[in-house]
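The following exercises concern one protein chain. Each sets a task and then works through a solution step by step.

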Amino acid sequence: MKISRRSAVAPFLAMDIYAQARALEGHGRRILHLEVGQPSSPAPKLALDAAAAAMGRDVLGYTEALGRQALKRAIAEHYQNHYGVSVAPDRVVITTGSSSGFILAFLALFDVGDTLAIPRPGYPAYRNTASALGLRVASLPADVSAGFVATPGMLDRNSQVDGLLIASPGNPTGTVFSPDDLGRLAHTCRERGIALISDEIYHGLAYEMSAQTALAFDDNAIVINSFSKYYSMTGWRIGWMVVPDAFVRTVERLAQNLFICAPAISQVAALAALSAQSELDAHVARYRSNRDVLLRALARAGLDLHAPADGAFYLYVKTKVLGLPSQDLCKRLLHEAGIAATPGADFDQEQGDDWIRLSYAGASADIEEAGERFCSWALKTG
């Protein structure tokens, strides 16, 4: 039995590191997890209470393929209240996490062989999912010289582009697009007939300026979001898309066949989570404090942070001074200092070996300890 060529995607190194860290914990090691973007806090109390009530009351069978109407209406209201953008509930698609949203968007928009432009550094599952679905990936070097954001000029240098995928706040950099930059990029895509996909799963996690939705600049953009990050619901696997009217039935047919529907219990919890802003904003304040703790530790260790770290809960750290490729560095950091971190090679296959990503979504005490351990280890290693 042969293995398909399309399955030959690169591993997700963050998850490989996570597995290694868990194995060490199984042998009694205390590991501080800075490798995965997972909040240490549980789902909001309102969400947990709603789920518990539903489990004792409802059958929790299949829902509509595009999601429960109450949840779709609430998300549409969120766009009006938070961004001042009008979205019809019928354009909202409830997904099994953001991951299925990317699959649905890629299948709905592109044919095999089409080209999707993706800035680097960026989330590795973008390019790996696109490649597995038969798309060509054009890598846009949105490095420190470009402020880690894609620009219209980058598209000018790539004449055969069918789609562009952006993220704000970004992973791994934490960079937030300014409204002007996002508007210019959306305008360029619209003029050139390039499909714009905007990953907005870190919205709500911005510290210096709020992130604006791409829908404010292009009503035909496809927006993908999730309850995993701001709402602290990673394991619930629940997210959403907003798609143009013309794509609703297309996405529905794909969702019916590929996923049937998102988990019913998670849809119940997600609806309640939309009303938990005060609890969730307390987490955001903790992330900001955790970020500052790590920044001070990195400064003591003599390491540079070139990304703005204005959003999400990551620091993208240049570690070239330590003289180790990122995968070797993360292996030693895990085994010698008990800190799990993600190699920059996960996010940038060309220049990532000089970088690592640190997540500060954990408990404050763990981040404090990680900062001390990291500083001590880096000073000895460098």
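**Exercise 1. State how β2 and β8 pair, and describe the surroundings of β8.**

Step 1. β2 and β8 are joined by four bridges and run antiparallel; two strands count as paired if DSSP finds at least two bridges between them. Strands are DSSP runs of E with at least two residues, helices are runs of H or I with at least four residues, and both are numbered from the N terminus.

Step 2. Within this pairing, Gly239 in β8 lies opposite Thr95.

Step 3. β7 is also joined to β8, by four bridges in the antiparallel sense. Here Ile224 has Met241 of β8 as its bridge partner.

Step 4. Strands of a sheet pair through backbone hydrogen bonds, either parallel or antiparallel.

Step 5. Strand β8 (residues 239–242) is covered on both faces: Gly239 and Met241 are buried on one side, Trp240 and Val242 on the other. Buried means under 20% relative accessible area, exposed means over 50%, and partly exposed lies in between (1.4 Å probe, protein chains only).

The basis of these solutions is a predicted model, in which local features need pLDDT of at least 70 and side-chain atom pairs count only at pLDDT 80 or more, while totals for chains, interfaces and linings use all residues. Residues are numbered from 1 along each chain as its sequence is written, and side-chain values use heavy atoms, with hydrogens and water left out.

**Exercise 2. Determine which strands stand at the edges of the open sheet of four strands.**

Step 1. The strand order in this sheet is β9-β10-β13-β12, with antiparallel pairing.

Step 2. β9 (304–305) and β12 (342–343) each have a single partner strand, so they stand at the edges and one side of each has no neighbour in the sheet.

Step 3. β12 is joined to β13 (residues 355–359) by two bridges, and Pro343 has Ile356 in β13 as its bridge partner.

**Exercise 3. Describe the setting of His203.**

Step 1. His203 is in the loop between β6 (195–199) and β7 (222–226).

Step 2. The relative accessibility of His203 is 7%, so His203 counts as buried.

Step 3. Leaving out residues up to four places away in sequence, the residues that His203 touches include Tyr83, Pro169, Asn225 and Tyr230. Ser168 is also touched, and the backbone oxygen of Ser168 is reached by the side chain of His203 at 3.0 Å.

**Exercise 4. Characterise the aromatic pair of Tyr123 and Tyr126.**

Step 1. The whole structure holds 18 aromatic pairs. Rings of Phe, Tyr and Trp (its six-membered ring) pair if their centres lie within 6.5 Å; planes under 30 degrees apart are stacked, over 60 edge-to-face, and the rest tilted.

Step 2. Tyr123 and Tyr126 are edge-to-face, at 5.2 Å centre to centre with 80° between the planes.

Step 3. Tyr123 has a relative accessible area of 21% and is therefore partly exposed, whereas Tyr126, at 5%, counts as buried.

Note on methods: A polar contact is a pair of N or O atoms within 3.5 Å; within protein, one must be able to donate a hydrogen and the other to accept it, and residues adjacent in sequence count only if both atoms are side-chain atoms. Contact means heavy atoms within 4.5 Å.
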